[in-house]
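Please look through the structure shown below before reading on. The report that follows takes up selected side-chain pairs and then the sheet with its helices.

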Amino acid sequence: MLRRIGPGLAAWAVGLTMLAGAGQAATAISNDDTARVLAGLAPAAGSPLESVTQQAGWQSHARYFDRAWTELEQRQLRKIRAWSTRYVTERNPVVYYMFSGPDFLYADAFFEGADTYVLSGLEPVGPVPDVAGLTPRQLAQELRGLQGSLNSVLSFSFFITKKMKTQLQTGRITGTLPVLYTFLARSGKTVKETTLVALNPDGTLSEQRGPIEKGQSPGVRITFSKADAPAGAGEQTLYYFNTDLSNWGLKSSGFLTFCKGLGTGDGFLKSASYLLHSNNFTDIRAFLLDHTTTLVQDDSGVPLRFFETGTWRLKPFGRYLKPLGIFPRAYQRDVQDLYAKGGVEPLDFGIGYRWRPMESNLLLAVRRPALRADAAR
């Protein structure tokens, strides 16, 4: 039965509605709260997501990631940071990590503190995750899916592309954003702002407000800072673009124009499927050689023969073994010769396809100072 209410009662009801709206605005879910929940970390006190931490599914997820990250930190991350501090002594404000997928974790470990990170891959960006819209059962299911997506990178240091493409397109929380959020939160970052963007053919960015148009590449811009950064400390920016880095793909994309606009940077390549060994990826290979002054890579990156003698100072680390059998034409005799000359520094961590300790290799390529002005142009 409907009942008529008087003016006083109506005004009281409107007032309650306005107060409720104000309360909701005051306790809006932040991007950082969402990132922390996905990473198995408690959100800020008073967050609307605080109650999620009482759910059994989330608590199981938190225990899983606590254990996984403790092991990863001891096995790899702290050793990588120590290696980087010792050997990567000159740095640019920009880091280019091609064929990365959503792997911010290792970009940050090798090049912590950069102003801007540019990641790229074929994995979809996806929508901004909405954790609050899930029932406890749905959330538990999505968190298990996230664990599955990250299993290979936590265990072996690289994503298995075919599995990732399937895992990131199923469920209610999809795309690379949940993975990026998890890596940011677990790396001790505070997510400030997340903006879905479209990369235009001329290299400019537009805020994505609808379907991606022909010639555009979907992407995301995330601003963040270190969780323990002092007030007023500068923010950092992470870009991820879903784009084809082959010569054909770059012809219709503004990706290289966008990157060139950021200036000279440092480069990182890992588990890149040896694509830069192919004649189909000469343009992105040329960009890295022309627009970086420090390049850290395993043997799946730029082939050794393209580092011009006299332009680059090369320092090998670890041990060079023949590539895995699924990459039959990726063996490099000149890399074997470089390692045979001696003076190779050991690696105390595993990385790349040869992820086991004492089987991994890294090459530190540094442009000679007299030639850096050319790279900056």
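## The pair K226 and E112

In this predicted model, K226 is partly exposed, with a relative accessible area of 37%, and its salt-bridge partner is E112, the closest N and O atoms of the two being 3.8 Å apart. The pair links distant parts of the chain, since K226 belongs to strand 5 (residues 217-226) while E112 sits in the loop between helix 4 (104-110) and strand 2 (116-121), 114 residues apart. E112 is likewise described as partly exposed, at a relative accessible area of 34%.

## Other salt bridges

The whole structure holds nine salt bridges. One of them joins the side chains of R186 and D66, with an N to O distance of 2.9 Å; here R186 in helix 7 and D66 in helix 3 (residues 56-87) are 120 residues apart, so that distant parts of the chain are linked. R186 has a relative accessible area of 16% and counts as buried because the limit for that class is under 20%, whereas D66, with 37%, is partly exposed.

K315 and E345 also form a salt bridge, their closest N and O atoms lying 3.6 Å apart. K315 is in strand 9 and E345 in the loop between helix 11 and strand 10, so this pair ties together parts that are 30 residues apart in sequence. Both residues count as partly exposed, K315 at 28% relative accessibility and E345 at 24%. Elsewhere, salt bridges that share partners join D108, E112, K189 and K226 into one network.

## Surroundings of R186

R186 is placed in helix 7, which spans residues 177-186. Leaving aside neighbours within four places in sequence, R186 is in contact with A39, G40, L41, A62, F65, D66 and W69.

## The sheet and its helices

Ten strands form an open, mixed sheet in the order 4-3-5-6-2-1-7-8-10-9. Strand 4 (205-207) and strand 9 (312-318) are the edge strands, each pairing on one side only, and neighbouring strands are turned against each other by 25 degrees on average, direction ignored. Within this sheet, strand 8 (residues 292-297) and strand 10 (residues 361-367) pair in the antiparallel sense over four bridges, and T294 stands opposite V366 of strand 10.

Helix 10 (residues 282-291) packs on the sheet, where it touches strand 1 (94-97), strand 7 (265-269), strand 8, strand 9 and strand 10, and its direction makes about 120 degrees with that of strand 8. Helix 11 (residues 333-340) lies across strand 9 and strand 10, and runs at about 80 degrees to strand 9.

Note on methods. Residues are numbered from 1 along each chain as its sequence is written. This is a predicted model: local features need pLDDT of at least 70, side-chain atom pairs count only at pLDDT 80 or more; totals for chains, interfaces and linings use all residues. Side-chain values use heavy atoms; hydrogens and water are left out. Two strands pair if DSSP finds at least two bridges between them. Helices (H or I, at least four residues) and strands (E, at least two) are DSSP runs, numbered from the N terminus. Axes are lines fitted to C-alpha atoms, for helices over the stretch in contact, and angles run from 0 to 180 degrees between N-to-C directions. Contact means heavy atoms within 4.5 Å. Buried means under 20% relative accessible area, exposed over 50%, partly exposed in between (1.4 Å probe, protein chains only). A salt bridge is a side-chain nitrogen of Lys or Arg within 4 Å of a carboxyl oxygen of Asp or Glu.
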